[in-house]
Amino acid sequence: MTVLHIANLGKTYGTTTALAGINLDVAMGSRTVIVGPSGSGKTTLLRLIAGFETPDAGKIELNGELIADREVGVPAHRRNIGLVMQEGALFPHLSVLDNICFGIRSEADASKRALALMDLAELDRGMAQRQPHQLSGGQQQRVALARALARQPRLMLLDEPFSALDAGLREQMRDATANILAQAGVATVLVTHDRDEAMGFADQLVILRDGRLVQAGSPKSLYRRPVNATTAAFLGAAIILPADFSGRTAECALGALLIAEDDAAEGAGKVLVRPEQLNIAVAPEAEWRVVSALDRGNKSAVTIERVYRGDRVMISFDDVSTHGLEVGQAVQVEITGTVHPLES
Amino acid sequence: MRLYRHRRRGAWPLVLAAAIAVAALSLLPVGFVLVVLVQSGWGTASALLFRPRIGELLINTMLLEVLAVPLSIVLALALAWLTERSDLKWRALWRWLAVAPLAIPAFVQAYAWDSAIPVLRGLWPAVLVSVLAYFPLVYLPVIAQLRRLDPAMEDVAATLGTRPLAVFLRVVLPQLRLAISGGALLIALHLLSEYGLYVLIRYDTLTVAIVSQFQAVYDGPAANLMGIVLVFLAVVFLAAEAWMRGERRYARVGGGAARQVALAKLGAWWPLFMALPLLVTVLAIGLPVVTLLRWLLIGGVEAWHLPQLAVATWQTAGYALAGAVTVCIMALPIAWLAARAPGPLQKTLENIHFQVGALPGVIVALALVAVTVRVALPLYQTVATLLLAYVLLYLPRAIVSVRASLAQVPVELERAATALGRPPLIVLVGVTLRLAFPGIAAGMALVAMGITTELTATLMLSPIGTETLATQFWARTGEFDHVGAAPFALAMVILSLPLCVILHSQATGARSS
């Protein structure tokens, strides 16, 4: 069942195209993460869904009802879409409890419900009368989340909600938030520019670049089978080599590699190998030579090279399994699993 | 869910309409000047304007400006350097005392000098009293700017072998240009529109002549045409300030906390340096306060006509409060547009709002008299007209405060409230205005204190039977009743004291923001 349906959405500011041709569906109770570098249009997309901007093309539907197209729209305050922002945006003149109660309409059991939400958000009830400035960054975000949940929103939007937090706290808040939202059963759209945050939070990952949707799918499928080199590199360490394809075989500097059945291709192109697929062993007769090996204890940065079809090919990667490699050693490389062809 | 047609222009049409209405209202005095020019025709205008008397007034006014403005700048700079960049003893006290003259209205300052030393007449006494009354208008922006400067630049200059005085002249002073030119413009415009001070010192400026002409013939062509000369001078000053300010902006590059600047050591010469703030304090505060107390003492209990004082205070408070609230409400639309929906249209509107602030109060009064007499006679000499004059005079002051406090409310809070189901108008009142209120209240206080000591427009427009502190004070000095005027003067000084506190904290708080 689809909560949010976006079709062919577009937005321009003057002559700049912020978004074009966006199609996206968000399933009930799922977590969608929109990820992209700054300027990719992800915040614009979020503001269009929330109702703070109006689209120039396409439409947005919530639970099958139209909420915005280029002519008409439901005002932001009537959409019942929850929103948590980067700094939390708590009202500085209201206590924690009053912040959470802000969106609750029925006065009678407002504070009872707010206290229940504090429990859900793992906030100590003793904090109810504190002022926002007395809270830590993580606590502020929990209050903002509880405040947004108080209205039982049909969809929750999170605008880089963890980026103002310390690195250690960020991961913890990410998991806590996912947990709280799962308990509340609300479908969520989160935007971020942080890869780890996106991979860690998403059921559905959406890649935006220059206002266009590049690819959408589960984090695993996107990591394994990105459509192009930029996306491949954005989602994790990538080794990208020129290759000749023939059916399920990619012929490249690493040898003849196996391609997944669905990806079978023909002709010249590029192939993606993830560093964790590499198996490296010292072998005196092998073609690859180690040109640099920096051992940093928990990790080592290794670069190896060989001559392939008259060109020098270099591969750099971080791996814990290559401890002990020395510059000048000959190594042989084997690939486990299937590799993935990329659009060039 | 109900669907609504999108508003494509962003800003609310109602807010925009309100801002346009206020802008149109603030164009009233300029419109009046243009109508007078067109209606009187070249013959009348040249006959009335090209007279030796007008030339004499023009020379008097300009002499005053070219002497008092530079002297104020030099005095303000010297005090600012001593209180901010030297190790002078009791700097905080001297800083307060350098702001304190603002609590003494210029015409009260003049009353004190005139009644203490009655032989003070003409240009130089006028310059002296003007400088004492108005130099804080340069001092305040200069110390605010000094506190914003990055001390690293001065340190670098010192490592390049520049002597402390040369550092101030070559590195610091150029960066104070905006503050100095802005403050100097304020002083120049104040001198242009000041009336009470120069009547008491017997120095005829254009404004003095216009008001006395007006008192002889209401809505006469002579006063109106002299008013045009005044507007012309104001425009010249505005252009001169824009030219002095130039296109350059002095941005501070890079972030990081500002460090404490190294203070210049005055060494054994410090008593000599302390003589300056001491002398200024004695002249600008000591003499008026002592004179006031002397008249109060001579008058004793009988001089306190308490019923009259109570009526005047009551009426003044009423005008001040009503004026302050009206002005701030009228400033809201344009301030909201400036803070939330900036654009070329908003910028133009804002400039229109601001131009009226450069016009002398006497012009605003002349315009309102002309309009009420010719177009809306029932409004002539009513409370409404006087309030309108206050609105026009203090609108820019209110906009600055209201805009700044609206801009400090994060737009994210408005969005959060909207996402939580609050309609836009409720968000504006319940969140934005609620959070901006302290700043708006400070703006109201500034306007209210301005109204409390406003003399010129009040004299020209007040309904019959009006007894404000300023008009009561003025009536008594007109009869040389120094004793009777003293309680009213004291009341105005006391009511103006918060002005100093607000302005002092705005100027010195610049470092933390």
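**Exercise 1. The open sheet of 5 strands in chain A**

Task: Find the strand order of the open sheet of 5 strands in chain A of this predicted model, and say which strands lie at its edges.

Solution. 
Step 1. Read the order across the sheet: β14-β13-β12-β15-β21 of chain A, with antiparallel pairing.
Step 2. Look for strands that pair on one side only; these are β14 (255–258) and β21 of chain A, the edge strands.
Step 3. Going from one strand to the next, the twist averages 45°.

**Exercise 2. The neighbours of β15(A)**

Task: Which strands does β15 (residues 265–273) of chain A pair with, through β12 (residues 239–247) on one hand and β21 (residues 340–342) on the other, and over how many bridges?

Solution. 
Step 1. Take β12(A) to begin with: 9 bridges join β12(A) to β15(A), and the two strands run antiparallel.
Step 2. Pick one pair of residues from these strands: Pro242(A) has Lys270(A) in β15(A) as its bridge partner.
Step 3. Turn to β21(A): 3 bridges connect β15(A) with β21(A), again in an antiparallel arrangement.

**Exercise 3. The open sheet of 6 strands in chain A**

Task: What is the strand order of the open sheet of 6 strands in chain A, and what kind of pairing does it have?

Solution. 
Step 1. The order is β7-β8-β9-β3-β10-β11 of chain A, and the pairing is mixed.
Step 2. At the edges are β7 and β11 (212–217) of chain A, each of which pairs on one side only.
Step 3. The twist from one strand to the next averages 20°.
Step 4. Look at one pair in detail: β10 (residues 204–209) of chain A and β11(A) are antiparallel and share 5 bridges. Ile207(A), for example, has Gln215(A) in β11(A) as its bridge partner.

**Exercise 4. Chain A as a whole**

Task: Describe chain A by its domains, its secondary structure and its burial.

Solution. 
Step 1. The domain assignment divides chain A into domain 1 (2–224) and domain 2 (237–342). The C-alpha centres of these two domains of chain A are 40 Å apart.
Step 2. Count the elements: chain A has 8 helices and 21 strands.
Step 3. The C-alpha trace of chain A spans about 80 × 45 × 35 Å along its principal axes.
Step 4. Of the 344 residues in chain A, 38% are buried.
Step 5. Among contacts in chain A with a separation of 6 or more, 64% are between residues 24 or more positions apart.

**Exercise 5. A helix in chain A**

Task: Is helix α1 (residues 42–50) of chain A mostly covered or mostly uncovered?

Solution. 
Step 1. Apply the cut-off: a residue is buried if 20 or more other C-beta atoms lie within 10 Å of its own.
Step 2. By this test, 8 of the 9 residues of α1(A) are buried, and the helix is mostly covered.
Step 3. The buried residues include Lys42(A), Arg47(A) and Ile49(A).
Step 4. After the helix comes Gly51(A), with a positive phi near 100°.

**Exercise 6. Where chain A meets chain B**

Task: How many residues of each chain are in contact with the other chain?

Solution. 
Step 1. The contacts involve 28 residues of chain A and 20 residues of chain B.
Step 2. On the chain A side, the elements that give two or more residues are β5 (65–69), β6 (72–73) and β7 (81–84).
Step 3. Sort that side by class: 15 residues are nonpolar, 7 polar and 6 charged.

**Exercise 7. Chain B**

Task: Why does the radius of gyration of chain B agree with that of a compact globule?

Solution. 
Step 1. A compact globule of 513 residues would have a radius of gyration near 24 Å, and chain B has 24 Å, so the two agree.
Step 2. The C-alpha atoms of chain B fill a box of roughly 75 × 65 × 55 Å along the principal axes.
Step 3. The secondary structure of chain B consists of 23 helices and 1 strand.
Step 4. In chain B, 44% of the 513 residues are buried.
Step 5. Finish with one residue: Gln175(B) belongs to helix α9 (residues 164–175) of chain B. Gln175(B) is partly exposed because 17 other C-beta atoms lie within 10 Å.

Definitions and conventions: Residues are numbered from 1 along each chain as its sequence is written. Chains are lettered from A and ligands numbered from 1 in the order in which they are written. This is a predicted model: local features need pLDDT of at least 70, side-chain atom pairs count only at pLDDT 80 or more; totals for chains, interfaces and linings use all residues. Domain bounds come from an automatic or database domain assignment. Helices (H or I, at least four residues) and strands (E, at least two) are DSSP runs, numbered from the N terminus. The radius of gyration is taken over C-alpha atoms; the globule rule is 2.2 Å times the number of residues to the power 0.38. A residue is buried if 20 or more other C-beta atoms lie within 10 Å of its own, exposed if 12 or fewer, and partly exposed in between; C-beta atoms are placed from the backbone. Two residues are in contact if their C-beta atoms, placed from the backbone, lie within 7 Å. Ala, Val, Leu, Ile, Met, Phe, Trp, Tyr, Cys and Pro count as nonpolar, Asp, Glu, Lys and Arg as charged, and the others, Gly among them, as polar. Two strands pair if DSSP finds at least two bridges between them. Axes are lines fitted to C-alpha atoms, for helices over the stretch in contact, and angles run from 0 to 180 degrees between N-to-C directions.
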